[in-house]
Every structure is written in C-alpha cells, then in structure tokens.
Amino acid sequence: MSRYVARRLGFLLLTLLITSLIVFVVTQWLPGDVARVILGREASEPALAALRAELGLDKPLPVQYLSWLGRFVTGDWGTSYSTGLPVRDLVLERAGNSLMLAGLTLLIAVPLSVFLGVVAGLKADKPLDTTISVGSLAVVGLPEFVTGLILIDLLALRLHLFPANSSIRPGTGFVEALPQLVLPALTATLVLLAYVTRLTRAGVIEELRQGYVRTATLKGLPRRTVVGRHVLRNALLPTITVLAISFGWLISGLIVIENVFNYPGLGRLMTFAIDRRDLPLMQAITLLTVLVFALANLGADLLYAALNPRIRLE
Amino acid sequence: MNKPSPPVLQVDGLTVAYRRGQQSLAAVRNVSLSIAAGQAYGLVGESGSGKSTLALAVMQYLPENGQITGGAVRLAGQDLATLPREQMQQVWRDQIKLVPQDPGASLNPSLRIGDQLDEALRDGGETGQELRSRSLEQLRQVRITDPERVAASYPHQLSGGMQQRVLIAMALARQPSLLILDEPTTNLDVTTEAAILDLVRDLVQDHRTAILYVSHNLGVVATLCDRVAVLYAGEMVEDLTTQQLRLRPLHPYTAGLLDSVPRVGQRAGVDPLLPIAGNIARLDALPAGCVFAPRCHLAQQPCLDVRPELEETSDGGLVRCHRWREIAAGEVSASAARPATIVVQNDAPGDASALAMTGLVKRFPVRRSLAEMLRRTSARQVHAVDGVSLHVAPRRTLGLVGESGSGKTTTARCVVGLAERTGGEVTLFDIVLAPGLDARDASVLRRLQMVFQNPDEALNPYRTVGDVLQRPLQRLMGLSPAEARAEAARLLEAVRLSPAYLDRTPGQLSGGEKQRVTIARSFASNPDVLILDESVSALDVSVQASILNLLTELQAEQGSAYLFISHDLAAVSYLADDIAVMYLGQIVEVGPTELVLHPPFHPYTEALLSAVPRLDGATEESIRLPGDLPSAIDPPGGCRFHTRCPRLLGDICREQEPPWQEAAPGHRYRCHIAPDELAAVQVIAEQNGRLRREMSGAGR
C-alpha cells in the first residue's frame with residue numbers, strides 16, 4: 001500500500017514536471033511582448049531591453065526554463081507583472097478562498113445528492129424517482145450563470161437571506177465568510193447534483209439486482225438493514241470516486257461562478273492573469289491546478305481501494 | 001419413506017405469472033406438491049420449465065413483475081401469501097432458506113464472511129463474541145477446517161465450493177424446516193459438487209429438514225432425493241419416486257431427459273443419446289393440446305387438441321400424458337426411437353498426428369513490485385501448463401478432462417495461438433506452429449479452428465448469422481460474396497438449421513441455436529483440427545445431446561480431428577476415442593477411452609469418476625478429494641497430486657516425481673503405484689460400489 005502511494009507520488013512529480021514544461025513553452029508562444037505589456041506602448045527600445053535583461057528574457061529558452069523551475073521549486077514563484085506583488089502570496093490567498101468554497105459545496109452537495117440518488121434508486125421508475133431525475137436534469141441543463149442569477153434574485157434580492165456579492169476581503173475565515181459562501185456553493189452544488197444523483201441512483205439500482213441483496217433479504221433482515229448495511233456499501237463506491245475527483249474542479253474550475261458572485265477564488269485570478277498576460281501568475285495557477293487535480297485523483301483511487309476489499313493496491 | 005408425517009411444505013394449484021408489457025405470461029401453471037419433514041423432493045426441468053420461478057414463489061420472493069395468480073403455498077399449514085411483510089421476514093429468518101445457484105454473487109463482496117454469517121445467526125441480546133463463536137461452529141459444521149481464516153476472509157478470497165459451504169452454513173444457521181436448493185452445484189467442479197451433495201445429505205439426515213432441490217441434472221437429483229417432479233413449460237408433467245425414475249419413467253419428456261444425459265462410459269457410436277427434438281414451448285405461444293406434443297415422438301391427434309390431465313398411476317405417481325397407460329403396459333416406449341445410425345469412424349489410430357503437442361509449457365508471470373525487481377528476487381510464475389505432450393490422430397477425438405484450474409483451457413489457447421506458449425512445440429500435421437496467432441499464416445487458421453464455451457460471447461450481437469458465416473468463407477477460403485452466401489446456407493443445413501437463419505441476429509436465437517452457428521462457423525473452413533473448449537457445458541441437457549450427436553455426425557462427414565475439452569467426464573467419454581486427464585498443468589493419465597474408464601487408473605481419475613453423480617444413486621463411501629486445487633504458483637513438489645491423493649503411499653509421493661506407468665499398450669498414467677497393485681485395490685473398490693448399487697436398487 002505505502003509502496004503504491006510512493007509510486008503514485010512519483011508519477012505525480014513526473015506529471016508536474018511535464019506540465020511545467022508545457023506551461024513554459026506555451027507561455028513563450030503567446031503573442032505579445034511582456035516588456036511592452038509592462039511598460040506600455042510608448043516605452044523606448046533601451047528601456048524595453050533593460051527590462052528584458054532584468055527579467056532574464058534575453059537568455060536562451062532552456063536556461064530560462066531551468067532557472068524558472070529552480071526558483072519555483074524553492075518557493076520563489078516570481079513577481080506578478082501586472083500587480084507587482086509576489087505571485088505566491090496572491091495565489092495561496094486565492095487558493096485558500098477556493099478551498100473554503102469547495103469545502104462548503106461538498107458539505108451541501110454530498111449529503112443532498114447521495115440522499116436523492118438513493119431515494120430515486122430505491123423507488124426506481126416510481127413517481128418520486130421521476131420527479132427527482134427530471135428535476136435534477138432540468139437544473140443541470142441551465143448554465144451556472146443562469147442558476148446563479150436565479151439564486152441571487154430569489155435568495156438575496158427577494159428573501160434577503162444571503163448577500164448577493166461574495167467579494168470577501170483577504171484573510172477572511174471560513175465562519176466569517178460563510179454567509180457569502182452560501183450562494184456560490186449552492187450554484188456549484190446544482191451543477192454537481194444531477195450528475196451525482198444519477199450516478200448514485202444507477203449504483204443503487206445495479207446493486208439491488210445483485211444476488212447478495214436476495215441473500216440478505218432472505219436472512220429476514222428488515223429493508224432498512226439490507227439497504228444501509230449491504231446495498232449502500234457497494235452502490236456508493238462510484239459516487240465517492242467521482243466526488244473525490246470533482247474536488248479538483250471545485251478548486252480551480254469555478255470560473256463562471258466566481259465571476260457571477262464576484263468571489264475571489266483561483267478561477268477569477270486566472271482570468272485576471274490571462275487578461276493582463278501576467279505570465280508568472282498564469283504559470284503558478286496552472287501548476288497548482290494540475291497538482292490539485294492529480295492529488296484529487298490519487299485521493300479518489302486510495303479511497304476506492306480502502307472501501308473496496310476486492311482492490312489490492314500494489 | 002412411508003412414515004405419515006404432516007407436510008412441511010404444501011403447494012396447491014400454484015400459478016405464477018409475469019407481466020411483460022401488456023401480456024401476462026403464466027410461467028408456472030397449477031402445480032401442486034408437498035414435502036414432509038426429512039424428505040428431499042427434486043424439481044427437474046430445463047431452462048424455461050418454470051422450476052426457479054416455482055422455488056422463488058414458494059419463498060414469496062418473486063421479481064417485481066411476477067405474481068402468484070392462483071393457488072396457495074402453505075408452510076406447516078400457514079398460507080404464506082397472506083402473511084404481512086414483517087411476519088414473512090420471520091419466516092425467511094427462521095423457517096425457509098434458499099441456497100442459490102451462484103454462490104459468488106450471493107455473498108456481499110465488501111463484507112467479511114464472519115460478519116455476513118453473524119447476521120444470519122443473530123437473536124438479539126447476545127454479545128458479539130458469543131455470536132462469532134456460534135458462527136465459527138456453524139462453519140465447522142459444513143466441514144470448513146479453518147473457520148477463523150474463512151470468517152476473516154472476503155468472499156472473493158474463497159473458492160466457489162468454499163463460498164457455497166458458507167451459504168449452506170448460513171442457510172442452516174437457524175435450523176430451518178424447509179431448505180430450497182436452486183442448482184447449488186451447477187457452476188462447481190464435479191469433485192466439489194460431490195462433496196457439497198454429501199454435506200447436504202448428512203446435514204439433512206441429522207436435522208430432518210425438508211428439502212426442495214431444483215436442478216436440471218437428473219443424476220444429482222437421483223443421488224439426493226426421494227421423489228422427483230418433472231416440469232415442462234410451466235406444468236408438472238410427471239411426479240414419481242426416484243426408484244421409478246430409474247426404472248421406468250412414463251412421460252416421454254422424462255424419458256427424453258434421461259436419454260439426453262450421457263452416462264460415464266456411454267459411447268456415441270455404440271449407444272447414442274436420443275435428444276428431444278425441437279425447442280421448449282414459448283409461454284406466449286403455448287400449444288392448444290399437450291404442451292409437450294410438438295416435440296413428442298408419441299404425439300397423436302388428441303395430444304395436439306386436448307390438454308391432458310395429471311393422472312395418478314397405479315404405483316402412486318402422477319403423469320400428464322394421454323398415452324401413459326400404453327407406455328406403462330409396455331405397448332409403446334417412452335424413449336424415442338434410436339436414430340438410424342450414427343456412423344462412427346473406427347479407423348485404427350495410425351502413427352500420423354493431426355495435432356501434436358510436445359512438452360508444451362505456459363507460464364504466466366506474477367507481477368513483481370519495484371522493490372522486488374531491484375532486489376532481483378526471482379520472478380514468481382503461474383505454471384498453467386507444465387510439459388504437456390499429447391497427440392490427436394486424424395479423424396479421431398481426444399478428450400481432455402480436469403477440474404477448473406487444471407490448465408485445460410490454457411492448453412487449448414496455446415494450441416490455437418490465443419496465448420503464446422512459453423516452451424515446447426505444437427505441430428499441425430508436419431507444420432510447426434508459431435506460438436502467436438499473428439505469426440501464423442491463413443492456411444493454419446483455416447486448418448485449425450476453435451469453438452468456445454459461451455456462444456453469447458463468441459457471436460457479435462450486431463452481425464447476422466449470414467455475416468458470421470460468410471466472413472471466414474471470404475477471408476480464409478477466398479470465396480466471392482455470392483459463393484460465400486450459398487456455402488453459408490449449406491453450413492447451416494449441416495448443423496440442422498434452415499437457411500432462413502442467415503438473416504437473423506444472435507439475439508433472435510436460442511442458446512442451442514447459437515452454439516450451432518458457432519460450430520457452423522468453425523466448420524466453414526473445413527478444418528483438419530477443431531478445438532472444442534467446454535462447448536456444450538452451458539447448454540440444456542436435451543440441447544447438449546443434440547450438439548454432441550451433431551459433432552459426431554460432422555466428424556464422420558468432414559473427417560476433422562477433435563480436441564474436446566470438458567470437466568464433464570461423461571460427455572468426454574461419450575465423444576472421445578482417447579482421454580487425457582489433466583491436473584495442475586500436467587497430464588496424469590492418457591489412453592483409449594475404454595481403458596481409462598476402468599482400473600487401473602490414476603487416483604485422480606478414480607476420484608473424478610467417483611464424483612460423477614449417477615442415476616443409480618451410488619455415491620456412498622465414494623472417494624472424495626479433500627480441499628481445493630492447490631495454487632499453480634508454487635505447485636506441490638514430488639507428485640503434484642500428493643496433497644489430495646486418497647492412495648498416498650508416503651514420502652516417496654511428496655519427494656519424487658512419479659514415473660509414467662504403462663497399464664496397457666497406449667494406456668499410461670503417472671503414479672508411484674504399479675499397475676497391478678493399483679488395479680487390485682481399485683477393482684475391489686469398484687466391485688463394492690457396484691454391489692451396493694445393486695442392493696440399493698437395480699441400475700438402469
């Protein structure tokens with residue numbers, strides 16, 4: 001098991017290395033001159049050359065790559081071109097915000113969608129199941145900015161339950177930020193809901209057909225025990241895996257939702273960086289995103305193996 | 001069994017229907033039966049007979065679209081259909097137990113065996129420790145020697161036989177009054193099956209449990225049951241004692257079932273099987289008269305128009321047939337007439353080999369971890385096939401038998417090139433075959449073909465039968481599409497299917513028809529050698545019989561040599577001129593069929609033979625192999641069979657590889673015991689068995 005984890009972590013490092021190379025090369029290809037972006041259209045040629053030299057942009061590419069990588073690994077993620085602030089502080093601050101949002105989303109989405117999925121699966125093809133399935137599909141059909149705006153209109157503007165603007169100040173803690181987190185988290189939940197519900201429903205229906213359910217029922221166990229002790233244990237395996245993987249998306253993929261609610265997460269920082277052609281910022285966010293996705297995948301695999309005795313990781 | 005005791009189970013006029021769309025199809029119609037305490041009652045029929053539906057209806061556990069639409073199921077006088085769900089749960093917990101067909105799927109894969117067993121034993125109020133010690137005791141009762149290990153295991157860590165023992169332990173946990181066994185040994189090896197049957201028989205005798213034993217296998221039913229009901233298309237067609245079943249069944253269907261199952265030693269050329277014509281009646285198109293009439297060789301006009309009643313016979317049986325009195329009086333025979341002839345080539349085997357394996361070896365590497373590779377520990381391997389030398393003469397059949405895990409299928413896959421052999425040589429006539437399929441040219445593919453076990457998996461569901469047959473004809477034989485279609489029609493006729501099947505897809509065919517199509521496909525290139533890997537094992541007995549006869553006829557017409565692989569010794573002996581017995585990757589005995597089936601034989605062959613359930617019911621004091629097949633990763637040293645051998649000599653077996661002994665010209669086995677010594681003990685054992693059989697009732 002520990003050997004397996006070590007090997008997976010090794011692969012993870014390799015993945016990061018390859019991604020860093022891709023990120024580096026791609027950012028070199030982007031049109032536009034960084035020095036000119038920083039200094040503006042009217043900057044003189046000597047001033048541009050001086051800045052290029054200062055940024056190391058005049059050196060051969062492999063040298064640039066290695067020095068960039070070396071600094072990155074040692075914790076120096078560079079300075080944001082557009083704000084002049086250290087990239088690391090910017091990114092980690094936003095990553096913390098994203099983590100809070102992802103955490104609340106999972107807190108809402110997991111119990112809700114699993115509950116709905118299990119109910120739908122147990123009552124497959126009955127009116128309740130149809131209601132749940134059609135309802136959750138209808139919701140997922142709407143784009144996030146629409147559901148987000150509907151939620152703002154309903155819960156913020158009409159009922160005044162939560163603020164419409166989620167632009168929390170830097171350094172705000174989870175509890176303090178909670179009211180402002182609810183609406184974006186609900187919106188993200190609605191995106192996950194239909195998918196996870198249907199997956200859970202399919203898992204429950206599939207497992208209910210298995211012979212061991214008959215064995216358990218014919219032991220004379222009450223339905224509650226059959227479902228709770230026997231069915232869910234197997235039916236939720238795929239759901240758990242998918243939820244673990246979706247964690248990566250929740251951290252760095254909520255670009256639309258963050259923009260709708262003005263929430264300072266990683267997604268918005270990324271759009272900001274792209275707008276300003278802020279290379280160090282883009283590089284750092286991309287690498288962090290890859291790391292989060294890879295860790296989420298590893299976590300999903302480990303969780304799956306821990307819950308499923310038929311899987312032995314070696 | 002004449003003690004008058006009140007029935008534990010009484011089924012009265014039970015009718016069970018399934019909703020399918022707008023239709024309601026009665027899968028069981030008006031069936032009555034009763035089982036007393038300590039009685040074992042067999043329920044026999046092929047797929048579609050309604051036997052499993054009946055068993056589930058008795059348990060009040062029908063699928064959602066199934067419903068009891070008539071009659072009653074009474075357990076000790078109590079009508080189960082009227083019980084509310086909570087009381088039915090009590091009945092399930094304490095009184096009726098089901099042992100299902102598929103033990104692997106019937107255990108929860110993510111709970112330990114001990115926890116699953118505890119659940120069945122819990123009264124409420126006992127401590128976890130008390131419960132567990134009762135569970136361990138229960139495992140000991142089903143002859144599991146290391147209950148602690150088994151209780152701590154997950155289901156996938158146990159063999160099929162062990163899983164079935166666990167399920168039996170669960171079923172017997174609360175000493176139920178009725179035990180329903182639904183094909184409990186169908187997917188198990190004969191050796192395991194025999195051990196399970198022994199176990200059930202003993203446990204039932206100890207506890208006087210009533211048993212409903214559902215099976216398609218008449219031999220199994222005959223060894224265990226006192227009374228047997230035969231179901232056909234949802235109706236009971238005959239109800240009789242096991243004794244009567246052996247002596248003279250009255251209904252032509254019962255006789256047809258008996259005549260479809262090969263007995264060990266029955267040979268195709270001498271005593272052919274008499275398969276039942278046609279297919280089982282469909283529930284949505286039941287005949288107006290007798291349901292069996294369209295397939296019955298005795299059917300007359302009234303049979304086609306008037307449904308016969310279930311009538312009582314003079315010796316207390318029940319039969320549903322217009323002509324049973326004529327059959328009982330011996331005026332007509334319930335058995336079908338023997339087919340004109342099955343021509344069997346009985347050429348003396350020449351020296352030529354159509355197919356020869358010399359020292360065939362196949363090892364699969366066991367994956368090593370990175371650390372093991374760095375430490376350069378030697379790679380562990382599965383010795384799937386370990387030095388097999390066999391040859392099949394032209395136009396003859398070699399049968400290969402052994403338990404699952406013995407390496408039969410790997411041998412077949414190495415021969416056809418689906419698996420690449422690790423060592424040794426395979427030759428087709430005088431061509432040395434390349435290990436892998438890719439390196440073999442088309443002429444080899446043409447001359448060497450294979451038929452697989454499961455026709456569902458071997459046929460693409462989206463291709464018509466015509467596509468399936470024309471492809472090899474065009475690819476391997478170079479025919480034009482028009483020629484290929486004409487030839488495909490001819491092939492279908494050769495496997496007794498009409499050319500109308502050319503445009504059907506596999507989904508429209510029955511299991512037997514599908515297997516006929518795969519056989520037709522394999523004959524498309526007129527192969528010199530045909531490998532048949534468990535090709536009839538999954539089929540119903542009547543279908544199996546017709547396929548076995550078809551193979552015999554095709555061999556006579558086409559002259560192909562067969563390598564016939566099966567765990568079913570009776571089917572192998574029916575078809576094969578020679579038999580090879582395989583154990584843990586090695587051949588332990590080989591010789592002409594008549595010689596292999598009689599002493600002296602290898603102790604493993606002896607155990608296999610002894611495990612075959614026989615209609616004459618002789619299984620008491622037979623040889624039973626202890627434990628499961630050892631792992632092929634580290635096979636036992638010395639003689640590989642020594643860990644389970646009933647005739648173990650001592651250290652010599654553990655330490656030295658046994659030599660080949662020549663029992664007769666062409667008949668050899670690998671054992672430390674010399675032929676005359678082995679023959680002496682085995683002949684006595686065989687005579688004792690026969691004597692017991694004769695005393696317990698005349699054989700067929």
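Predicted model: local features only at pLDDT ≥ 70, side-chain atom pairs only at ≥ 80, totals over all residues.
**Entry 1: a sheet in chain B**

I began with a sheet in chain B. Four strands form this open sheet, and their order is E14-E13-E16-E17. The pairing is antiparallel. I then asked which strands stand at the edges. They are E14 (381-392) and E17 (431-432) of chain B. Each has a single partner strand, so one side of each is left without a neighbour in the sheet.

Next I looked up the pairing of E13(B) with E14(B). Strand E13 covers residues 355-365 of chain B. Nine bridges join E13(B) to E14(B), in the antiparallel sense. I picked out one bridge: Pro365(B) has Gln381(B) in E14(B) as its partner.

What lies across this sheet? I found helix H14 of chain B, residues 408-416, lying across E13, E14 and E16 (423-428) of chain B. H14(B) runs at about 110° to E13(B).

**Entry 2: the largest nonpolar core**

I turned to the largest nonpolar core and noted its 260 residues. Which residues have the most contacts inside it? From chain A there is Ile285(A). From chain B there are Val58(B), Ile180(B), Leu212(B), Tyr213(B), Leu548(B) and Leu563(B). Helix H8 of chain A, residues 174-208, gives the largest share of this core, with 13 residues.

I followed up Tyr213(B). Leaving out residues up to four places away in sequence, I listed what Tyr213(B) touches. The list includes Ala40(B), Tyr41(B), Gly42(B) and Leu43(B). Leu181(B), Val221(B), Leu224(B) and Cys225(B) are also on it.

**Entry 3: Leu310(B)**

I looked up where Leu310(B) sits. It is in the loop between helix H11 (301-305) and strand E11 (311-312) of chain B. Buried would need 20 or more, and exposed 12 or fewer.

Leu310(B) touches Met236(B), Leu318(B) and Arg320(B), not counting residues up to four places away in sequence.

**Entry 4: where the chains touch**

Last, I checked the contact between the chains. 19 residues of chain A are in contact with 22 residues of chain B. On the chain A side, H1 (2-29), H9 (211-217) and H10 (223-235) are the elements that give two or more residues. H9(A) gives the largest share, four residues. By class, I noted five nonpolar, seven polar and seven charged residues on the side of chain A that touches chain B.

How values were computed: Residues numbered from 1 in each chain as written. Chains lettered and ligands numbered in written order. Pairing = 2+ DSSP bridges. Contact = placed C-beta atoms within 7 Å. Axes fitted to C-alpha atoms, helices over the stretch in contact; angles between N-to-C directions. Core = buried A, V, L, I, M, F, W, Y, C linked by C-beta atoms within 7 Å. Buried ≥ 20, exposed ≤ 12 C-beta atoms within 10 Å, placed from the backbone. Nonpolar A, V, L, I, M, F, W, Y, C, P; charged D, E, K, R; others polar.
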